[in-house]
Amino acid sequence: MATAPAVDQMPSGNRSEARTETEDERAGREQFERLISEDSRIEPRDWMPEAYRKTLARQISQHAHSEIIGMQPEANWISRAPSLKRKAILMAKVQDEAGHGLYLYSAAETLGTPRDKMTEDLIAGKARYSSIFNYPAVTWADMGAIGWLVDGAAIANQVPLCRASYGPYGRAMVRICKEESFHQRQGFEILLELANGTPAQKEMAQDAVNRWYAPSLMMFGPPDDDSPNSKQSMAWNIKRFSNDELRSRFVGMMVEQVKVLGLTLPDDEIRFNEDTQQWEHAPLDWNEFKEVLAGRGPCNAQRMERRREAHEDGAWVREAAAAYADKRAATAQQKAA
Amino acid sequence: MTGGSTTGDDGSTAPAPLAPEKRQPWPLWEVFVRSSRGLSHVHAGSLHAPDAEMAVRNARDLYTRRNEGVSLWVVPASSIITSDPDAKGQFFESPQGKDYRHATYYTKSDGVKHL
């Protein structure tokens, strides 16, 4: 029985790349390869290739950052929600996003990256988050379009991740997916009510759908022939479907749902290709995607500044809580003595 | 402060380097949730908190937002003792080949009722 410090802490060692592998490493690698080929799960204390660890740490922390930054466009509308009911729903949704960020930070931490390091990287602008959150939410209908399209795309992406080969990531995704479905439904309902409202309300709903449609399709990532890391991620059972497959599936769902809304998608090239069995859509502006990713989107600077501000404004709370904990621990020790 | 506007600007000024915060990282706690009376506490995840009391409160906010639990345990992650991950094979070897510990091993009684 070893006295390991934490359940899900990574073992030291296995940081080698160029030198010859030791007996232990060979056994570890063989076990890793066997587990992947059996479609089993890798757990934090298992041996894993350095590239697998890095890929996951990057993907999971980016995913966590996206949840945290993703609170901003919606939090902005809490005080302007049109009714108490909508306000309560929006608050619950934003709280969920915070929770999802925390589940994912915990999962990323099991790979050996400390929590505070991830926060620092985000605030210093070293880490990425989903480019979708760099678009502005300009009307109340955007709360509907974000829920329906953005959360819809997120769900389409995330459901297969519940089966990701890395145990902690898959478990976090299961929890997230369970909670996420309310997000999409409440967005759909906002749009449905606006679409059945006054002509101006319907126009506002259509405008929001028009603006969020293409960015939500780009959430699935670059086209397959321009997505260099996808193949390896699929070989490792992290990713289960390619970007284009998921995007096509999503378009197929939206094209039906938009009819119920009585709205249209701003894309007259959508069709089902019988030969490939895939939904096709108009070409997307990948230059825009790259620009936003490179930090030149409409709200990049604002999102980062707000996140930084929140972190700095909260510093005294973290310090006070730590001081209080220390004081109580000291008092308890005194009493015991 | 950027104000309440969501339309945003695109000021491309790089942020000044962050002053390092003077504090130790909060310890890691493992969270266990009892979903209803009569069931065991099951591991739900982990979180960081400065002390046990805050850990329980954070666990409530993080892991029971939808009535998932009637009771919570938080345990400092550093207090959990685990089996040695490198000794998996040998450590769990004992039950191997001992099928007779399972009812399904006994097939001669197939068809006998209430057995």
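Start by selecting these helices of chain A: α2 (50–69), α4 (84–109), α6 (141–158), α7 (167–195), α8 (199–218), α9 (230–235), α10 (243–261) and α11 (286–296); each supplies at least two residues of the lining of the second largest pocket. Helices here are DSSP runs of H or I with at least four residues, strands are runs of E with at least two, and both are numbered from the N terminus. A pocket is an open set of points on a 1 Å grid over the protein atoms alone, where a 1.4 Å probe fits, with protein on both sides within 12 Å along at least five of seven lines; lining residues have an atom within 4 Å of a point.

A word on what you're viewing: this is a predicted model, where local features need pLDDT of at least 70 and side-chain atom pairs count only at pLDDT 80 or more, while totals for chains, interfaces and linings use all residues. Residues are numbered from 1 along each chain as its sequence is written, chains are lettered from A and ligands numbered from 1 in the order in which they are written, and side-chain values use heavy atoms, leaving out hydrogens and water.

Now pick A:Q62, A:N157, A:M219, A:F220 and A:G221, which lie nearest the centre of this pocket, among its 49 lining residues. Colour the lining by class and you'll get 21 nonpolar, 16 polar and twelve charged residues.

Which helix gives the most to the lining? That's α2(A), with seven residues. Select α2(A) next: 15 of its 20 residues are buried (under 20% relative accessible area, with a 1.4 Å probe and protein chains only), so α2(A) is largely enclosed by the rest of the structure.

Move on to α7(A), with 29 residues and a reach of 42 Å from first C-alpha to last. Where does α7(A) bend? Look at A:E179, where the bend is about 30° (the angle between axes fitted to the seven residues ending there and the seven starting there).

Two loop stops come next. A:D39 sits between α1 (23–37) and α2 of chain A, and its phi is near 55°, a positive value in a residue other than glycine. A:Q277, between β1 (271–273) and β2 (278–280) of chain A, isn't a glycine either, yet has a positive phi of about 60°.

Last stop: A:W316, in helix α13 (residues 315–336) of chain A. A polar atom of its side chain lies 3.4 Å from the backbone oxygen of A:D313.

Methods:
Ala, Val, Leu, Ile, Met, Phe, Trp, Tyr, Cys and Pro count as nonpolar, Asp, Glu, Lys and Arg as charged, and the others, Gly among them, as polar. The expected span of a helix is 1.5 Å times one less than its number of residues. Buried means under 20% relative accessible area, exposed over 50%, partly exposed in between (1.4 Å probe, protein chains only). A polar contact is a pair of N or O atoms within 3.5 Å; within protein, one must be able to donate a hydrogen and the other to accept it, and residues adjacent in sequence count only if both atoms are side-chain atoms.
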